[in-house]
Amino acid sequence: MTGRLIDLPKIVDPRGNLTVAEQQKHVPFSIERVYWTYDVPSGERRGGHAHRTCEEVIIAVSGSFDVMLDDGRGGQETYHLNHPYQGLYVGTGVWRTLEDFSSGAVCLVLASELFDEQEYIYDYDEFKALVNV
């Protein structure tokens, strides 16, 4: 298994619902960075990389998109994210690609590490070589 869905608390209220994600409680790591993508043009992909040490929880806070995960050893999974109260946990050493964004989709990512360009693996062949050592 390369990823797992995490149900986040959903507080239903007639004035509007609320969801919370607390580090080490709902999210299985300390959150060091938060970022989001939006206005992704139709047909475009995001991701296309793996992380050496960073863990992430990916959330569709608005709209929907698909997340394809690949462990580099033949294990692949696709998750359709479309609930703002559900996140996809992705550990280290997993290739991820996000695609099929609906109009108005917003992808929120909770990350365990600050940004470090050296921490990313952008070459799929390099990724496969690292995970198959």
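Tyr38 is partly exposed, because its relative accessible area of 48% falls between the limits of 20% for buried and 50% for exposed. This residue belongs to a predicted model, and its place is in strand S4, which covers residues 33–38.

**Surface patch**

**Aromatic rings**

- A pair of aromatic rings is described by two quantities, namely the distance of the centres and the angle of the planes.
- Seven aromatic pairs are found when the whole structure is searched.
- In the pair of Phe115 and Tyr120, the ring centres are 5.6 Å apart and the planes stand at 50 degrees, so this pair is tilted.
- Tyr120 also pairs with Tyr122, and this pair is stacked, with 5.5 Å from centre to centre and 10 degrees between the planes.
- The reason for the word "stacked" is the angle, because planes under 30 degrees apart count as stacked.
- Tyr120 has a relative accessibility of 10% and therefore counts as buried.
- Tyr122, in turn, is partly exposed, with a relative accessible area of 44%.
- One aromatic cluster is formed by Trp95, Tyr124 and Phe127.
- A charged residue also meets a ring: Arg4 lies over the face of Tyr89, at 4.9 Å from the ring centre.

**Leu108 and its contacts**

- Leu108 is located in strand S11, which spans residues 106–111.
- When residues up to four places away in sequence are not counted, Leu108 touches Val34, Tyr35, Trp36, Val57, Ile58, Ile59 and Val61.
- Leu108 and Asn17 are 91 residues apart along the chain, and their C-alpha atoms are separated by 17 Å.

- Ser64 is found in a loop that lies between strand S6 (56–62) and strand S7 (65–70).
- The relative accessibility of Ser64 is 14%, so this residue counts as buried.
- Leaving aside neighbours within four places in sequence, Ser64 is in contact with His80, Leu81, Asn82, Asp100, Phe101, Ser102 and Ala105.

Terms used: Residues numbered from 1 in each chain as written. Predicted model: local features only at pLDDT ≥ 70, side-chain atom pairs only at ≥ 80, totals over all residues. Heavy atoms only, no water. Helix = DSSP H or I, 4+ residues; strand = E, 2+ residues; numbered from the N terminus. Buried < 20%, exposed > 50% of the residue type's maximum accessible area, 1.4 Å probe, protein only. Contact = heavy atoms within 4.5 Å. Phe/Tyr/Trp six-rings, centres within 6.5 Å; stacked < 30°, edge-to-face > 60°. Lys NZ or Arg CZ within 6 Å of the ring centre and 35° of its normal.
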